[in-house]
Amino acid sequence: KQLIPKGIVLNITFYNSGNVFFRGVMDGHPNILSIQFNAFVYNLFVYCIRLSTERAQNILSVFQTLLKTEMSTVEFNNAFPHWSRFQRSLENWLSIRERFTSQELFVIFHIAYEEMMRGEKITDISRNVIYFDPHGFPVMLRSFLAKWLESDAVNEQIITIHRDDVTNICSFYTRSAVSDEKMKLARDIVWWMVNDKMCLGMDRVDFQCCKRFEVRFEDLKLHPREQLAKICERIEIPWSDTLMHTTYWGRTSDMGTIRDFDLKPVFNRH
């Protein structure tokens, strides 16, 4: 019971549709645990699977070896800015059992990461919701992650954000660095949208407990308090005014041009 969160929210959203923006909105809520976009969270599923075969006393050393082998120094420092603090927290949580399932490790990693970044102990995970957006993990395969985390003891929700197709394609197009590739890129995006955007792989998975809900990017931007209040009710957490600001570990967002509820991304037709 020490490792059963109140809920899990998995983001399965098509590219360029508000993922970074929504993570910034979720960031400061006192009942939400999340890990910033980095190489660790992108590969978190694989780490949990691999380490679930180890005894608890060996997990930390094996994990360190994997990180040193598979991450560059820059990636490691970006993912673990306070490694010693993360290590102490992980050791503490790993001491409660001899072995852990991959799903339990998923929860432990989120707790240890939050304790590293916030510098505060988490004493009751049953009050917290884990927001999981493995940004670098292929979006069409994330429904498998939802099935992996499915449990009748946890309120698991899949959120999908839909954005206006024209704005989405044009944004992709203008952000393409190589002009010779722009037409190919735009064509590919249209193909992805026509073939995969609506299902995002979820039609291939039989969910027993996991629930889904959808929200329009434009509604989040134009009516944030109304839309976010509905999300809070759905994932069973209280309202927090922190939701009205995009932050990065509680600080003003440093995600480039993404700032709070700027309406330019809604109306900019490029």
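This is a predicted model: local features need pLDDT of at least 70, side-chain atom pairs count only at pLDDT 80 or more; totals for chains, interfaces and linings use all residues.

At roughly what angle do the axes of helix H4 and helix H6 cross, and within what distance do they come?

Author: Two packed helices are described by the angle between their axes and the distance between the axes. Find helix H4, which covers residues 56-70, and then helix H6, residues 83-94. Their axes cross at roughly 150° and come within 9 Å. An angle over 145 degrees counts as roughly antiparallel, so H4 is roughly antiparallel to H6. As for handedness, H4 passes H6 in a right-handed crossing.

On the H4 side you'll find Ala-56, Ile-59, Leu-60, Phe-63, Gln-64 and Leu-67. They meet Trp-83, Phe-86, Gln-87, Leu-90, Glu-91 and Leu-94 in H6. Sort the residues of this contact by type and you get nine nonpolar, two polar and one charged.

While you're on H6, have a look at Ser-89, which sits in this helix too. Ser-89 has a relative accessibility of 5%, so it counts as buried. What does Ser-89 touch, once you skip its neighbours within four places in sequence? The answer is Ile-111, Ala-112 and Glu-115.

Asp-27 belongs to helix H1, residues 19-27. With a relative accessible area of 1%, Asp-27 is buried as well. Leave out residues up to four places away in sequence, and Asp-27 touches Arg-118, Thr-247, Tyr-248, Trp-249 and Gly-250.

For a contrast, jump to Val-190 in helix H10, which spans residues 182-197. Val-190 has a relative accessible area of 38%, so this one is partly exposed.

Next, let's talk about charges. Side chains of opposite charge can pair when their charged atoms come close.

Start with Glu-150 and Lys-147, whose closest N and O atoms are 2.9 Å apart. Glu-150 is at 17% relative accessibility, so it counts as buried, whereas Lys-147, at 32%, counts as partly exposed.

Another salt bridge brings together the side chains of Glu-214 and Arg-212, at 3.2 Å from N to O. Here Glu-214 is partly exposed at 47% relative accessibility, and Arg-212 is partly exposed at 35%.

Then there's Glu-226, which forms a salt bridge with Lys-230, with 3.7 Å between the closest N and O atoms. Both residues sit in helix H12, residues 224-235, and because they are four residues apart there, about one helical turn separates them. Glu-226 is partly exposed, with a relative accessible area of 46%, and Lys-230 is partly exposed at 49%. Salt bridges can also share partners, and that is how Arg-216, Glu-218 and Asp-219 are joined into one network.

So, back to your helix pair: picture H4 and H6 crossing at roughly 150°, with nine nonpolar residues among those in their contact.

Notes
Residues are numbered from 1 along each chain as its sequence is written. Side-chain values use heavy atoms; hydrogens and water are left out. Axes are lines fitted to C-alpha atoms, for helices over the stretch in contact, and angles run from 0 to 180 degrees between N-to-C directions. Helices (H or I, at least four residues) and strands (E, at least two) are DSSP runs, numbered from the N terminus. Angles under 35 degrees count as roughly parallel, over 145 as roughly antiparallel, 65 to 115 as roughly perpendicular and the rest as oblique. A crossing is left-handed if the near helix is turned anticlockwise from the far one by less than a right angle, and right-handed if clockwise. Contact means heavy atoms within 4.5 Å. Ala, Val, Leu, Ile, Met, Phe, Trp, Tyr, Cys and Pro count as nonpolar, Asp, Glu, Lys and Arg as charged, and the others, Gly among them, as polar. A salt bridge is a side-chain nitrogen of Lys or Arg within 4 Å of a carboxyl oxygen of Asp or Glu. Buried means under 20% relative accessible area, exposed over 50%, partly exposed in between (1.4 Å probe, protein chains only).
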